[in-house]
Amino acid sequence: MITAIANQKGGVAKTTSTISLGGLLAQQSSCLAIDLDPQGNLTTGLGVEVSDNQLTTYEVITETAEILNAVVATKSGLNLLPADISLAKGETELLGKVGNFYILKERLEPAREKFQHILIDCPPSLGLLTVNALAAADTLLIPVQCQFFALKGLEALLETVGSVKKRLNPRLKILGVLPTMAEKNTVMTQDVIDTLKQQLEEIKVFDPVPKSVKFAESNLAGEPIHLYAGEWKLVQPYRAVVKQMVAES
Ligand SMILES: Nc1ncnc2c1ncn2[C@@H]1O[C@H](COP(=O)(O)OP(=O)(O)OP(=O)(O)O)[C@@H](O)[C@H]1O
Ligand SMILES: [Mg+2]
């Protein structure tokens, strides 16, 4: 099963969620995490440095490398298709190609046979890379930061999802919205979660991931949260998402 993790809003914990979920999935099955962001935060967050001869998402989507030749193993057992800033150039190169919405889907095919779960960490935009991820995915997870205006950006994302379903990928399902960086006992956090539940009606709103500096620390250490800090309250919300992913696959 392929899950895209997307929200065009920056800094909502897309990458942190990809690492946390990928780490948990790798404990029980084979999992590949794809860095589809030229910022390369997923790559560095998993402790991987892109050397000069390392193949990356850029070479895969521009058809100069096969995906399985570019995959690297990371210390948690999670496999990674790394990316760096060259991917920005890759997105521009795709613009002129016929059928450019489907390139990732097509280039992923060999990995689909090899890995039980594939997670795609999207960049903070609704550009061609994110649309490629949505066209390739079976499900979409939307991390949302518990802040006022959290819902504002969601409308544009849900509109894009609607168009992708209509024109490119009717199979695409929204796994759910994951509230992140939730502050304990604050009116704002509770307000945001209540509003999400009211407004999103048929979309599942997962239990929130608490705000904790341990997430930033685990990124620096290049480890998923369950390895870095096995605290139940930090890991449990991600376990619930994994459970849902496994149920849908
Ligand atoms: N639950 C959390 N509590 C506190 N900080 C968090 C939490 N989750 C993520 N962070 C921190 O918030 C910042 C943004 O997270 P992250 O990079 O995962 O977001 P993103 O949506 O991938 O960002 P971008 O849009 O730039 O790709 C990082 O510094 C990360 O360590
Ligand atoms: Mg990110």
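How many helices and strands does the secondary structure of the protein come to? The answer is twelve helices and seven strands, where helices (H or I, at least four residues) and strands (E, at least two) are DSSP runs, numbered from the N terminus. This is a predicted model, in which local features need pLDDT of at least 70 and side-chain atom pairs count only at pLDDT 80 or more, while totals for chains, interfaces and linings use all residues. Residues are numbered from 1 along each chain as its sequence is written, chains are lettered from A and ligands numbered from 1 in the order in which they are written, and side-chain values use heavy atoms, with hydrogens and water left out.

We can begin with the overall form. Taken along the principal axes, the box that the C-alpha atoms fill is roughly 50 × 40 × 30 Å. Of the 249 residues, 54% are buried, a word that means under 20% relative accessible area, whereas exposed means over 50% and partly exposed in between (1.4 Å probe, protein chains only). Among the contacts with a separation of 6 or more, 81% are between residues 24 or more positions apart, contact meaning heavy atoms within 4.5 Å.

The next topic is how helices pack. Two packed helices are described by the angle between their axes and the distance between the axes. Axes are lines fitted to C-alpha atoms, for helices over the stretch in contact, and angles run from 0 to 180 degrees between N-to-C directions.

Helix α6 (residues 103-114) packs with α7 at an angle of about 50°, their axes being 8 Å apart. These two helices are therefore oblique to each other, since angles under 35 degrees count as roughly parallel, over 145 as roughly antiparallel, 65 to 115 as roughly perpendicular and the rest as oblique. The crossing of α6 with α7 is right-handed: a crossing is left-handed if the near helix is turned anticlockwise from the far one by less than a right angle, and right-handed if clockwise. On the α6 side the contact has Ile103, Leu104, Lys105, Leu108 and Arg112, which meet Asn132, Ala133, Ala135 and Ala136 in α7. Sorted by class, the residues of this contact are six nonpolar, one polar and two charged, where Ala, Val, Leu, Ile, Met, Phe, Trp, Tyr, Cys and Pro count as nonpolar, Asp, Glu, Lys and Arg as charged, and the others, Gly among them, as polar.

Helix α7 (residues 128-136) also packs with helix α8 (residues 150-167), at an angle of about 55° and with the axes 10 Å apart, which makes α7 oblique to α8. Val131, Leu134 and Ala135 of α7 make this contact with Thr160, Val161 and Val164 of α8, and the residues divide into five nonpolar, one polar and no charged.

For α1 and α12 the angle is about 65° and the axes are 10 Å apart, and the crossing is right-handed. Residues of α1 including Thr16, Leu21 and Gln28 meet residues of α12, among them Val235, Tyr238 and Met245. This contact has nine nonpolar, five polar and one charged residues.

Several single residues can now be placed within this picture. Helix α12 (residues 232-248) holds lysine 233, which counts as partly exposed at 47% relative accessibility. Proline 237, also found in helix α12, is buried, with a relative accessible area of 8%. Not counting residues up to four places away in sequence, proline 237 touches Asp207, Pro208, Val209, Pro210 and Trp232. In helix α9 we find methionine 188, partly exposed at 24% relative accessibility, and, with the sequence neighbours up to four places away again left out, methionine 188 touches Cys146, Gln147 and Phe148.

Two loop residues deserve a careful look. Alanine 13, in the loop between β1 (2-5) and α1 (14-28), has a positive phi of about 90° although it is not a glycine, and alanine 13 is buried, with a relative accessible area of 13%. Asparagine 185, in the loop between β7 (173-180) and α9 (187-200), has a positive phi of about 50° and is not a glycine either, but asparagine 185 counts as exposed, at 76% relative accessibility.
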